[in-house]
Amino acid sequence: MSAKGTYDGPVRVGTIRPSQAIHSYGVGSLIDLPNLSVMVGGLDRWDTTRQEVITEDRLLDAVRTRLGSQVEVLRALPAEPSTPNPYDDWARVGVPVSIFPRWLRCTACNRLFPVASGALKLDTNMYRPDRTRYTHPNCDKARKPPPAVPARFVAGCTNGHLDDFPWVRFAHDGVATCPNPVLQVNDIGSGGRATDLLVKCLSCGAKSTLAKAFGPAAKGVMPQCRGRHPHLGLASEPCGEQLRSLVLGASNLWFNSSVSVLSLPVGGGSLGQLVYDNWDALEGMPGKDTLVYTLGRDRLLAAAFAGVHPDDMWDAIEARRAGATALPGADVHGPEWVALTSGSQGQTSPHFEAEPIDAPADFAGKLAGVTLAHRLRVVTALCGFSRISAGEPGDPRATVRLETKAHPPGCR
Ligand SMILES: [Zn+2]
Ligand SMILES: [Zn+2]
Ligand SMILES: [Zn+2]
């Protein structure tokens, strides 16, 4: 992950596993780092030159069924092998994130500042990304600049919009007339509830408790939604919903919407499968001469096809172009059911190998069949996400898009 720092270039702030980038920390989700809260940026900000193309026709078809035919390709997460030197190229490759919420609280003076106010300073550490944090350099309550932590609340609506909590308006009880608001938050009561918080304006003396931002009382306090999608920047869209207060770190801030397929053998034998798996490199090959030339220069491609004669390779490429190895796409689960019940039947694939076996003696007569799967690969594409409620699977109204363009490509 990398975030825009105060100096040129992105700063590494943490690490996530590939499966997390689909299931927990996908585009539009918030990641709670040791000292920062960040949001995963929209696909517009991703560097596709660092993202390998994944050939999985059945998955691409399934994604297109959900999002539209304009989806061009599926891409893997950006990745580059790391070295011990954090100033090397790999450290600038990653999933783009930005600070969210954009309000932070100084842990010494308890004042609230928007990041854009300039009152806070980003301390980066190239060798220890987890120590990246904001501090309050001019704090009158501490000699060394104390750390600032993310504000505890954000706001959003059921259309999937997310925004900063309206701190200024809320402290002034819905009327933002204060010319120079200076906000401070303090815990009140001993119940330890998140909402036992008093926010007051040090400039005019106005104050309000956070309990008012939740439950029936919130109706009179919370403003209308501005239609913001922070993962897409500051642009807004019309929205008729009222903002709801949300607790930072709550599980209802992001629900993924994804689709998965099993990588089934594509037919055409092992060569057909190899051509399919390397289709991104072979698709645009204009002729056999270019293929031979490319094999002489591209070591990875040559290694993948070691021992295969270019003539046979070219025949397999033409066969795929002619649709000989294409799989029917409309039905995702049908072909998987057939493959799982009948096994690979001699079709070679590095991603799928299964064989029907006899049911254990105790279950003979009770089970219609048992398949032993030696190898399975599941490929998952993130299609979008929703907030506040998970929504029905595949319901396009509940799905927030992953990039500014109306139609996102899926990613692995
Ligand atoms: Zn301070
Ligand atoms: Zn005020
Ligand atoms: Zn909204």
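Two strands are taken to pair if DSSP finds at least two bridges between them, and on that basis E15 and strand E16 (residues 197–201) pair in the antiparallel sense, over five bridges. The bridge partner of Asp-187 in E16 is Leu-197.

## Overall architecture and confidence

The protein has nine helices and 22 strands, and its C-alpha trace spans about 80 × 55 × 45 Å along the principal axes. Of the 412 residues in the protein, 34% are buried. Among contacts between residues at least 6 apart in sequence, 62% join residues that are at least 24 apart.

The mean pLDDT is 87, and 92% of the residues reach 70 or more. Over residues 407–412, however, pLDDT stays under 50, although the model has 34 contacts beyond four places in sequence for this stretch. Where pLDDT is low, the predicted coordinates should not be read in detail.

## The eight-stranded sheet

The pair formed by E15 and E16 is part of an open sheet of eight strands, in the order E10-E11-E12-E8-E9-E15-E16-E17, with antiparallel pairing. Strand E10 (121–123) and strand E17 (207–209) stand at the edges, and each has a single partner strand, so one side of each is left without a neighbour in the sheet. From one strand to the next, the twist averages 35 degrees.

Strand E9 (residues 111–114) runs antiparallel to strand E15 (residues 183–187) and is joined to it by two bridges, with Leu-183 in E15 as the bridge partner of Leu-112.

## The three-stranded sheet

A further open sheet consists of three strands in the order E14-E13-E18, and here too the pairing is antiparallel. Its edges are strand E14 (162–164) and strand E18 (244–247), each with a single partner strand, so that one side of each lacks a neighbour in the sheet. The twist from one strand to the next averages 40 degrees. Strand E13 (residues 153–156) pairs with E14 over three bridges in the antiparallel sense, and the bridge partner of Gly-156 in E14 is Leu-162.

## Strand E4 and its neighbours

Strand E4 (residues 37–40) is covered on both faces, with Ser-37 and Met-39 buried on one side and Val-38 and Val-40 buried on the other. Strand E3 (residues 30–32) runs antiparallel to E4 and is joined to it by three bridges, and the two form a hairpin with four residues between them. E4 is also joined by three bridges to strand E7 (residues 96–99), again in an antiparallel arrangement. Val-38 takes part in both pairings, standing opposite Ile-31 and opposite Ile-99 in E7.

| Strand pair | Bridges | Sense |
|---|---|---|
| E3 and E4 | three bridges | antiparallel |
| E4 and E7 | three bridges | antiparallel |
| E9 and E15 | two bridges | antiparallel |
| E13 and E14 | three bridges | antiparallel |
| E15 and E16 | five bridges | antiparallel |

The protein is divided into domain 1 (1–104 + 114–148 + 239–260 + 381–412) and domain 2 (261–378), and 33 Å separate their centres, taken over C-alpha atoms. Nine residues of domain 1 are in contact with 11 residues of domain 2. The largest share of the side of domain 1 that touches domain 2 comes from H2, which supplies five residues.

Within helix H2 (residues 57–67), the buried residues are Arg-58, Leu-59, Leu-60, Asp-61, Ala-62, Val-63 and Leu-67. These buried residues pack against strand E6 (74–75), strand E19 (255–262) and strand E22 (378–386). Just after the helix, Gly-68 takes a positive phi of about 120 degrees.

How values were computed. Residues numbered from 1 in each chain as written. Chains lettered and ligands numbered in written order. Predicted model: local features only at pLDDT ≥ 70, side-chain atom pairs only at ≥ 80, totals over all residues. Buried ≥ 20, exposed ≤ 12 C-beta atoms within 10 Å, placed from the backbone. Contact = placed C-beta atoms within 7 Å. Domains from an automatic or database assignment. pLDDT = per-residue confidence, 0-100. Axes fitted to C-alpha atoms, helices over the stretch in contact; angles between N-to-C directions.
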